[in-house]
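User: I would like to go through the labels used for this structure and see what each one rests on. Please set the values against the cut-offs.

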Amino acid sequence: MRNLRIRLLLPAMAAVALWPMAAAQNPAHAAGPAPDISGVYWATTYSAQIQPVGGGMPPYKPDALAQYKKNIAGLKLEDDMSRSFCLPDGVPRALEDPYPFEIVQVPQRGEVYQLFEINHMIRRVDMQNPLPPDKELEVLPFYAGHSAGHWEGDTLVIQTAGYNGMTFLDNSGAPHSDQLRTTERIRKLPDGKTLEDVVTIHDPEVFTKDWQARFVYQARPDLRIMDWNCGEKHRDLSQVKGVHPQ
């Protein structure tokens, strides 16, 4: 009887011994549930020019700064493809827009989505795989790039590359190249109602060094994302400080 009991226990003991190995090979299974940051968010303040953390101007190289000044002075609607043809704003421009967006977490598929009201830009974040090599990203660049994410405690870290270089960094015409890479750190602040997104900008063709911008949003469970029809009037933005009447 004792020998039989030992033989019956061996498969169970083997399973227990192998469980840590299986968990290590599948971190998503081993880790606890991801923090819940899903919902609709809306900024309470707006600036057409992206604001670096610490103030001042983004650290442009001389040629890029000259181009930026030309854009500020003479940017017209027909030069801004995002407004004349309602093409996606890209990142970080979409992060500063004064319209709401929604975060949708799909843990069973290893995905997070950002659904932006303006121009109906849909951004997919792959939570299971790292970014592809640069050679693959160059084959099919996106307006919003290709994004891969992971959790560091309560912070969602999103790395994005493979931008097509056809967007601006903000609504004032701040330029970037197709070498742009961004790293975002997104988290809820202690009040549980405020979402913070700190984005690091890396573009060695345009900037002398990496720099950061910070965006803050309020949770708005009372809102839903509206339809966006190019050229038509949309929701009232008067509650967003910094938006000028049109």
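Analyst: The side chains of Arg93 and Asp89 meet in a salt bridge, at 4.0 Å from N to O. This is a predicted model, in which local features need pLDDT of at least 70 and side-chain atom pairs count only at pLDDT 80 or more, while totals for chains, interfaces and linings use all residues. Residues are numbered from 1 along each chain as its sequence is written, and side-chain values use heavy atoms, with hydrogens and water left out.

User: What makes the contact of Arg93 and Asp89 a salt bridge?

Analyst: The term requires a side-chain nitrogen of Lys or Arg within 4 Å of a carboxyl oxygen of Asp or Glu. Arg93 and Asp89 have an N to O distance of 4.0 Å and are listed as a salt bridge. The structure holds 11 salt bridges.

User: How do you know on which side of the cut-offs Glu111 and Arg109 fall?

Analyst: Glu111 has a relative accessible area of 6% and is therefore buried. Arg109 is at 52% and so counts as exposed. The two form a salt bridge, with the closest N and O atoms 3.2 Å apart. Arg109 and Glu111 also belong to a network of salt bridges with Arg124 and Asp126.

User: What about Arg220 and Asp222, which form a salt bridge?

Analyst: Their closest N and O atoms are 2.8 Å apart. Arg220, at 17% relative accessible area, is buried, whereas Asp222, at 55%, is exposed.

User: Why is the ring pair of Phe207 and Trp211 given its type?

Analyst: Rings of Phe, Tyr and Trp (its six-membered ring) pair if their centres lie within 6.5 Å; planes under 30 degrees apart count as stacked, over 60 as edge-to-face and the rest as tilted. By this rule the count comes to seven aromatic pairs. For Phe207 and Trp211 the centres are 5.4 Å apart and the planes are at 70°, so the pair is edge-to-face. Both residues are buried. Elsewhere, ring pairs link Tyr41, Phe101, Phe116 and Tyr217 into a cluster.

User: What makes Arg235 a charge over the ring of Trp42?

Analyst: The rule asks for NZ of Lys or CZ of Arg within 6 Å of the ring centre and within 35 degrees of the ring normal. The charged end of Arg235 sits over the Trp42 ring, 5.4 Å from its centre.

User: How do you know that strand 1 and strand 9 pair?

Analyst: Strands are DSSP runs (E, at least two residues), as helices are (H or I, at least four), numbered from the N terminus. Two strands pair if DSSP finds at least two bridges between them. Strand 1 (residues 39-42) and strand 9 (residues 211-219) are joined by two bridges and run antiparallel. Trp42 stands opposite Gln218 in strand 9. Strand 8 (residues 194-202) is joined to strand 9 by eight bridges, also antiparallel, with Val199 opposite Ala213.

User: Why is Pro133 called partly exposed?

Analyst: Pro133 has a relative accessible area of 49%, so Pro133 is partly exposed. Pro133 is found in the loop between strand 4 (122-126) and helix 6.

Notes:
Buried < 20%, exposed > 50% of the residue type's maximum accessible area, 1.4 Å probe, protein only.
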